[in-house]
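These are my notes from going through one model.

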Amino acid sequence: MGQPSKKFKMRNKIVAGNWKMNTTPAEGVELAIALKALMTEVPSDVELVIAPPFTHLDAVSKAIAGSAIALSSQDCAAETAGAYTGEIAASMITPFGAKYVILGHSERREYYGETSATLNNKMAQVYANGLIPIYCIGEKLDERESGKHFDIVKAQIEEVVYNLTPEQFDAVVIAYEPVWAIGTGKTASADQAQEIHAYIREVLAAKFGDKAAKTPILYGGSCKPSNAQEIFSKADVDGGLIGGAALVAADFVGIAKSF
Ligand code: PGA
C-alpha cells in the first residue's frame, strides 16, 4: 500500500500520559493543575490525554475542566455490572467526562493475565459506553531478539482489532509499546519505531483498507523530551503513550511540543 505520510496531516496527534499506580489524589490534582497551566505551550493540533488512577478521575476531571486536556482511564472491566469485586465498569468512567480507556497494556497482560478473549470483552464495553480505546500492543525482549516481533504485534491486532466493525475501527487508537522499553530507559530507535509502526498500519489496512491511513499509532516506552522529537518525526508515529515522564508536568508538555 502507499505509505501514508504525516505531511498530509491525515491523523490526529496524541500524547497520552499513563500515570499507572502513582500519585495520591492530591498529587494527581496538583499535576493536573500544573498541566492545565502549561497548555498554552501545547500545539493546538496535539491532543493531550491523561490517564490517572480510577480514584482520581472525579477530582482530576474537575481540575482540568475548561481546558483541552482529555481524560482516560487505565483499564475497565470486561463485564457490564454485577458481582465482580474490585472491578470498575466502563459505565462508571463516563460520568467523569472520560474520552479514552487504555486497554491491553503490557502490565495488564503480564501481571493480571489479560488475554485477547478478555480484551475483546473490554473493547465491547468501551464502545458500548461511547469511549475510545487506546489499545496497547508490543513484544517482549526475547521475542524481539528472536525476530518474532512482527508476528507478535500481528497476532495482537488480528485477535482483537480485527473483531471491530468498520465504524468502531474509525475511532481506535493503537499504542505500540515494546515491553523491553517500558520503564527501562531503553527506547526503540526512531527507525525501529517507524519500521514496526509502518508494519502495524499494513496489518490494519489488510482488514480495514484505506481507513488505516487515519488510525493514530502511538509509540510508548521510555519516551522523554530528549528523544521524542526524533521518534515523532517518523511518518507513521502519531504521538506517544508516556509513563514515567508523564508524572512531571514540564516533561510531559515538553514531549507534546516535540512534533
Ligand atoms: P514509560 O512507560 O514511559 O515509563 O516507559 C510507558 C508505558 O508503559 O505506557
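I took a pocket as an open set of points on a 1 Å grid over the protein atoms alone, where a 1.4 Å probe fits and protein lies on both sides within 12 Å along at least five of seven lines; lining residues have an atom within 4 Å of a point. The model is predicted, so I kept in mind that local features need pLDDT of at least 70 and side-chain atom pairs count only at pLDDT 80 or more, while totals for chains, interfaces and linings use all residues. Residues are numbered from 1 along each chain as its sequence is written, and side-chain values use heavy atoms, without hydrogens and water.

Entry 1, largest pocket. I found 18 lining residues, with Lys20, Met21, Gln74, Arg108 and Tyr112 nearest the centre. The volume of the largest pocket is about 520 Å³, counted as the space filled by probe spheres set on the points, which are joined across faces, edges and corners. Helix H3 (residues 106-111) contributes the most to this lining, with 3 residues. Helices here are DSSP runs of H or I with at least four residues, strands are E runs of at least two, and both are numbered from the N terminus. I sorted the lining into 9 nonpolar, 4 polar and 5 charged residues. In this sorting, Ala, Val, Leu, Ile, Met, Phe, Trp, Tyr, Cys and Pro are nonpolar, Asp, Glu, Lys and Arg are charged, and the others, Gly among them, are polar.

I noted about 230 Å³ of space in the second largest pocket. Of its 13 lining residues, Arg109, Gly138, Lys140, Gln156 and Val179 lie nearest the centre. H3, strand S5 (132-137) and helix H6 (149-158) each give two or more residues to this lining.

A polar side-chain atom of Lys20 sits 2.7 Å from a ligand oxygen, and a backbone N or O atom of Gly183 sits 2.6 Å from a ligand oxygen.

I placed His197 in helix H8 (residues 190-208). His197 is buried, at a relative accessible area of 0% (buried is under 20%, with a 1.4 Å probe and protein chains only). A polar side-chain atom of His197 lies 3.0 Å from the backbone oxygen of Asp236.

Note on methods: Polar contact = N/O pair within 3.5 Å; in protein donor to acceptor, adjacent residues only side chain to side chain. Buried < 20%, exposed > 50% of the residue type's maximum accessible area, 1.4 Å probe, protein only.
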